[in-house]
Amino acid sequence: MTVLYFAGIIYAASFVQAVVGFGLPLIAMPVLIELYGIRAAAPLMALIILQQQILMILRYRSAWNRRTVLRISGAAVLGIPFGVLFLSQIPEAITVTLLGLILIFYALYSLFRFPVPHLAHTAWSYIFGFVGGMGGGAYNMAAPPMIIYGDTQRWAPQEFKGNLQGYFFIITVVAIIAHGLNQSLSCEILVNSLLAIPFVLLGAFSGFYLDRYLNPALFRKIVLGLLLLLGINLVLTWLR
């Protein structure tokens with residue numbers, strides 16, 4: 001049953017990532033925490049994300065602004081070790097509850113589309129990048145800060161997706177290295193990451209194919225509603 005649960009959530013999360021450009025860790029991470037605990041789930045999730053990002057970066061390689069992505073990713077790289085250290089030193093109840101709160105905040109922000117100002121100064125890219133790197137190192141949750149930053153830059157949809165993929169790919173590689181240096185990559189984690197490959201591929205190619213037939217706005221709202229429920233569940237589970 002655990003294997004089927006694992007396969008199903010990886011397929012579903014990979015499908016969402018292929019359709020909307022993000023969502024794999026946001027959806028899969030809470031479930032992997034339930035299955036393996038957060039200290040095993042974080043490095044496992046990073047390895048699974050890398051599989052998906054290889055596909056995504058190939059699909060959107062012509063749509064991303066390399067200068068912007070490298071600037072934000074450089075700041076994120078500095079934040080990743082702090083996130084990994086936070087994960088290894090803070091009690092699991094606190095880290096999981098914080099993750100739930102992050103999911104709730106991000107889902108509400110995205111659902112209600114709160115207006116954000118245009119942030120023209122490049123310093124903001126370093127700030128959002130660093131915060132995203134910390135989230136990536138701790139939870140593989142680098143998406144929320146980057147998406148909010150993208151909203152402040154008024155990126156067009158294709159550029160938005162392309163920039164996200166370049167950013168995710170770079171920081172995922174660095175996060176895996178950081179987990180390795182922290183001795184968090186066990187044999188069990190490596191084996192589970194290999195087991196995920198067929199479900200990542202199946203989810204990604206299903207998403208690429210069905211993308212043309214789906215209403216992206218409606219699908220995004222459904223995903224965000226699911227994230228809201230996952231966040232609430234994490235908070236309530238660890239506060240009991």
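Helix α7 spans residues 143-153 and includes Gly150; helices here are DSSP runs of H or I with at least four residues, numbered from the N terminus. The model is a predicted one, in which local features need pLDDT of at least 70 and side-chain atom pairs count only at pLDDT 80 or more, while totals for chains, interfaces and linings use all residues. Residues are numbered from 1 along each chain as its sequence is written, and side-chain values use heavy atoms, with hydrogens and water left out.

Gly150 counts as buried because its relative accessibility is 1% (buried is under 20% relative accessible area, exposed over 50%, partly exposed in between, with a 1.4 Å probe and protein chains only). Beyond its neighbours within four places in sequence, Gly150 is in contact with Trp155 and Phe160, contact being heavy atoms within 4.5 Å. Ile49, 101 residues away in sequence, lies 20 Å from Gly150, C-alpha to C-alpha.

Phe160 turns up again at the largest pocket, where Arg113, Asp151, Pro157, Phe160 and Arg220 lie nearest the centre among 14 lining residues. A pocket is an open set of points on a 1 Å grid over the protein atoms alone, where a 1.4 Å probe fits, with protein on both sides within 12 Å along at least five of seven lines; lining residues have an atom within 4 Å of a point. Helices α7 and α8 (157-181) each supply at least two lining residues, and α8 gives the largest share, four residues.

Turning to helix α9, Leu201 lies within its residues 187-210. Leu201 counts as partly exposed, because its relative accessibility is 34%.
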